[in-house]
Amino acid sequence: MTSSATTSSTPTPVDAETRVAIDQLLAEYNLLLDHGRADELWTLVAEDFVSHGPMGVMEGREALKAWGARRVTQDAGEVRHFTGGTSLRWEDGVLHGVTYYMTFRSTLPEPTHPASVGEFHQTFIQVDGAWKVRSRDVVAVFGGANAAAHAQRVSGAEGQK
Amino acid sequence: MTSSATTSSTPTPVDAETRVAIDQLLAEYNLLLDHGRADELWTLVAEDFVSHGPMGVMEGREALKAWGARRVTQDAGEVRHFTGGTSLRWEDGVLHGVTYYMTFRSTLPEPTHPASVGEFHQTFIQVDGAWKVRSRDVVAVFGGANAAAHAQRVSGAEGQK
Amino acid sequence: MTSSATTSSTPTPVDAETRVAIDQLLAEYNLLLDHGRADELWTLVAEDFVSHGPMGVMEGREALKAWGARRVTQDAGEVRHFTGGTSLRWEDGVLHGVTYYMTFRSTLPEPTHPASVGEFHQTFIQVDGAWKVRSRDVVAVFGGANAAAHAQRVSGAEGQK
């Protein structure tokens, strides 16, 4: 691993246990978020969790905890986050991952059509043997306008469930 | 695992061999169904298999076998089941899973647009060392009307291939 | 494994390490292709790589290397390949896989709607301990016209970035 070109052709392999744990972590995150359990999301991230995206910047697990507690009191419609294509790589001892996502929302005229398509760029860290999300950048590749509208609905609409 | 809150934050981990077997099982199920081999689906489920969904209730592997034998004689158009985001959890010794799905159908005006988006809620059981589907609830979150129309097409159209 | 019917009901299991390596390989292929790094794709395939699809026939890793070098000089718009549902099977000592895909393209009127939906039919081979793509057939099940239009854009448009 002497150059980035070499890294790409012969990456340090991610072992099966790790990949499977990350797959489960990502799926669980979506499941909680999509099923009215956003107040449990904080259990899946590290204490110094940081995220960037259409929702703005969130710093610290406590911030996600506060956001989740508020989120479950809101009615932003039915949402599903469909993910796939996770590629993982070790870089300077840190586990990085890119995961593709699609979101579906009942607030759209055609809820069966993806509202947005993009990528989660994440790092992961093991805490007491369990993998947690350390950082998450949400990159809306297509449908960014839909994502922004949803973010505004969620951030500006406290307790309207 | 003393309460449901604890279960969510520190679930019993699913080992790599198991998760990989379940991923393969789900992919194989879709592959057979989507490629005119529904008459082999019964090989992937337990003897006491039960399913609920837009197709109605199906009880027992023999029921799936009969359904599959009829299904391969029908022309319901080209269909693809796209799945992802599988989260697994052990609960009272039983392996549960939620998998997101999208269906695509040639019978729709725009076959590249998902016909329905939803979830498979499943349990799994190991039979002679191989994981099988023990139960499957199909929850159509979006596009339920399309799913129902397809179900009617398939159930009401014997031998019209 | 004495007949194809038997193969389907009791396939030789693919171990966790192998499946995880293939999942990573597929994800990495899409990541490079979707992020302007098509000139690195050749590092993921075998020397005698062969592919068939809307892009035509490609024979040999060198052909992919030449294609990738040209591809990164072209502006074919933003593209994302979303994959899932990989089923793997051993057949006469060769590892085969079917993976479902959706493509999204900025050149479509609605980039959040899949441009095409189909399957990668692939074989894999281990070279010096690392899994590589040995062959790839791209089967566009839905949206073949979009896929063909894109193929023409890419093949006919050298150096127009």
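The questions below ask how the terms used for this predicted model follow from their definitions.

This is a predicted model, in which local features need pLDDT of at least 70 and side-chain atom pairs count only at pLDDT 80 or more, while totals for chains, interfaces and linings use all residues. Residues are numbered from 1 along each chain as its sequence is written, chains are lettered from A and ligands numbered from 1 in the order in which they are written, and side-chain values use heavy atoms, with hydrogens and water left out.

Q: What makes S4 and S5 of chain C paired strands?
A: Strands are DSSP runs of E with at least two residues, and helices are runs of H or I with at least four, both numbered from the N terminus. Two strands pair if DSSP finds at least two bridges between them. Strand S4 (residues 94-105) and strand S5 (residues 116-127) of chain C are joined by 9 bridges and run antiparallel, so they meet that definition. Within this pair, C:Val98 has C:His121 as its bridge partner in S5(C).

Q: Why are S2 and S3 of chain C said to stand at the edges of the sheet?
A: The open sheet of chain C has 6 strands in the order S2-S1-S6-S5-S4-S3, with mixed pairing. Strand S2 (56-59) and strand S3 (79-91) each have a single partner strand, so one side of each is left without a neighbour in the sheet. From one strand to the next, the twist averages 15 degrees.

Q: How do you know whether A:Arg80 and B:Glu119 are buried or exposed?
A: Buried means under 20% relative accessible area, exposed means over 50%, and partly exposed lies in between, with a 1.4 Å probe and protein chains only. A:Arg80 has 5% relative accessibility and therefore counts as buried, and B:Glu119, at 2%, also counts as buried.

Q: What is buried between chain A and chain C?
A: Buried area is the accessible area (1.4 Å probe) that two parts lose on being put together, summed over both. For chain A and chain C this is about 2100 Å², of which carbon and sulfur atoms give 65%. Contact means heavy atoms within 4.5 Å, and 27 residues of chain A are in contact with 29 residues of chain C. The rule finds 1 salt bridge across this interface, and C:Arg80 forms a salt bridge with A:Glu119, with 2.6 Å between the closest N and O atoms.

How values were computed:
Axes are lines fitted to C-alpha atoms, for helices over the stretch in contact, and angles run from 0 to 180 degrees between N-to-C directions. A salt bridge is a side-chain nitrogen of Lys or Arg within 4 Å of a carboxyl oxygen of Asp or Glu.
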